[in-house]
Amino acid sequence: MTIIEIIEKKKNKQPLTKEEIDFWITGMISGEVKDYQVSSLLMAIVLNGMNQEETFYLTDAMLHSGEQVDLSEISGIKVDKHSTGGVGDKVTLILAPLLASFGLKVAKMSGRGLGHTGGTIDKLESIPGYRVELTREEFMKQVQDVGVAVISQSGNLVPADKKLYALRDVTGTVDSIPLIASSIMSKKIASGSDYIFIDVKVGNGALMKDLESARALARTMTEIGKRYQKKTVCILTNMSEPLGYAIGNALEVEEAIQSLKGMGPEDVMELIIKIASFIISDTENISEEEATQQCFKKLNTGVAYQKLEEMVHAQGGDLTKLEVSNRIFSVRSPKAGYLTKINALGLGEIARQIGAGRLTKEDKIHYQVGLVLRHKVGDFVAVNDELMRVYLDDKDVKVNDILDCFTITEHPVEKEPLIYEIID
Ligand code: URA
């Protein structure tokens, strides 16, 4: 067997066997299979797809490319949550402590920003002192004692994904259902939790641009979860406008804190309550209505926020030192009308350009910069109303580029739903 034969086979739309996929992944890790050969195979997969069986073999080969975390010494139900990536998506910062405040154990490894989408680890690093790397012992102890720890992915967890992702990012091979499903599920299975909840974002700011492909991705991932006897649930949610108001690291942490105190933006609160009450009702065997009531109680009494404080403190961070930039300017509406579109992808790119994300691997994040929307889709704005506040550091942005992300029309349009469906 040679890698060239495998590439040819996929080029000719034939399914790959388990042996061929194992050969590719082990050869890639050892260096025998070269980056240009992997890139060629990735493109053949993007164009010709993979069936369910091949996608499972790929997930399994990636899973076995490195270590797996054994959480069995931690008591209780271990829950993991993942998002396929969006703009303003601060859900993990809110959901993880909220779930832990119910006694669930959240042992979470998160990623950094990718393309125009933000990453939880970059957001947490905006908290002065916060350590995203813990030793195995520190991680286990914190999950057992505090109930929640959020760290960056440990060095040898699914190294095949690190390699593949870096190549996909620069070869136009990110948007493929089998590649996304195997990337996410190999990491989730390797992280060792019992219950996996995945937020599949749909829309212009997401990887999946339409509902049909989001559904197919969700079904592929739940099917993979089933093979490992892991409860896997996907929620399909709208990412055509940014989630909440804040985009950018420290600004999003601020919004997450408000949300944990029960005072977050309407869409953020709706999503958090939906996901948390689904998981609580499922794991505690109570109705979703009862779980919803309990979630509101945890938020409104400050218990959920306290969990965030405990987690941040345990990881060396100090929320009182969180800072946002004071170089601020306002973008105002040139006309009156209804906001019918806010381009999440466009704003994600602008946030990245002003330093909230990276344009090259070497770039340093400016944690205090970002964008804060003053209105959401559906709102009426008058001439000169503030549409957005921009928090800058040393980079500038053109006002017209920001205005291009807003569509204002004479008549209102029906707002799209935030939550489409749950695939269980
Ligand atoms: N998130 C991941 O972890 N992998 C992908 O391929 C896409 C989103």
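A polar contact here is a pair of N or O atoms within 3.5 Å; within protein, one atom must be able to donate a hydrogen and the other to accept it, and residues adjacent in sequence count only if both atoms are side-chain atoms.

## Before we start

This is a predicted model, in which local features need pLDDT of at least 70 and side-chain atom pairs count only at pLDDT 80 or more, while totals for chains, interfaces and linings use all residues. Residues are numbered from 1 along each chain as its sequence is written, and side-chain values use heavy atoms, with hydrogens and water left out.

## Around the ligand

A nitrogen atom of the ligand sits 2.6 Å from an N or O atom in the side chain of serine 183. For arginine 168, an N or O atom of the side chain is 3.0 Å from an oxygen atom of the ligand. Lysine 187 places a polar side-chain atom 2.4 Å from an oxygen atom of the ligand. On its own the ligand has 240 Å² of accessible area, and the protein covers 93% of it (areas come from the Shrake-Rupley method with a 1.4 Å probe; for residues, only the protein chains shown count as cover).

Two elements give two or more residues to the shell: helix 8 (159-171) and helix 9 (177-190). Helices (H or I, at least four residues) and strands (E, at least two) are DSSP runs, numbered from the N terminus. Helix 9 gives the most, with 4 residues. The residues that surround the ligand are His82, Thr84, Tyr165, Arg168, Ile180, Ser183, Ile184, Lys187 and Leu207; a residue counts if one of its heavy atoms lies within 4 Å. By class, the shell has 4 nonpolar, 3 polar and 2 charged residues. Here Ala, Val, Leu, Ile, Met, Phe, Trp, Tyr, Cys and Pro count as nonpolar, Asp, Glu, Lys and Arg as charged, and the others, Gly among them, as polar.

## Strand 4 and its partners

Strand 4 (residues 195-202) is largely enclosed by the rest of the structure, because 8 of its 8 residues are buried. Buried means under 20% relative accessible area, exposed over 50%, and partly exposed in between (1.4 Å probe, protein chains only). In a regular strand the side chains alternate between the two faces of the sheet. In strand 4, Tyr195, Phe197, Asp199 and Lys201 point one way, Ile196, Ile198, Val200 and Val202 point the other way, and all are buried.

Two strands pair if DSSP finds at least two bridges between them. Strand 1 (residues 78-83) and strand 4 pair in the parallel sense over 5 bridges, with valine 79 facing tyrosine 195 as its bridge partner. Strand 4 also pairs with strand 5 in the parallel sense, over 8 bridges. Along that pairing, aspartate 199 has isoleucine 235 as its bridge partner, and valine 200 stands opposite leucine 236.

## Strand 5 and the crossover

Strand 5 (residues 231-238) is mostly covered, with 7 of its 8 residues buried. Strand 4, helix 10 (residues 211-227) and strand 5 make a right-handed β-α-β unit. Right-handed means that, with the strands pointing away from the viewer, the path from the first strand over the helix to the second runs clockwise.

Strand 5 is also joined to strand 13 (residues 419-423) by 4 bridges, and these two strands run antiparallel. Isoleucine 235 turns up again here, with isoleucine 422 of strand 13 as its bridge partner.

An open sheet of 3 strands has the order 10-8-12, with antiparallel pairing. Strand 10 (380-381) and strand 12 (406-409) stand at the edges with a single partner strand each, so one side of each has no neighbour in the sheet. Strand 8 (residues 337-342) is joined to strand 10 by 2 bridges, and tyrosine 338 has phenylalanine 380 as a bridge partner.

## Residues to look up

Which residues have a positive phi although they are not glycines? Lysine 13 has a phi of about 65°, and valine 158 has one of about 45°. Lysine 13 is in the loop between helix 1 (3-11) and helix 2 (18-30) and counts as exposed, at 64% relative accessibility. Valine 158 lies in the loop between strand 3 (148-152) and helix 8 and is buried, with a relative accessible area of 0%.

Glutamate 252 is found in helix 11 (residues 249-260) and counts as buried at 3% relative accessibility.
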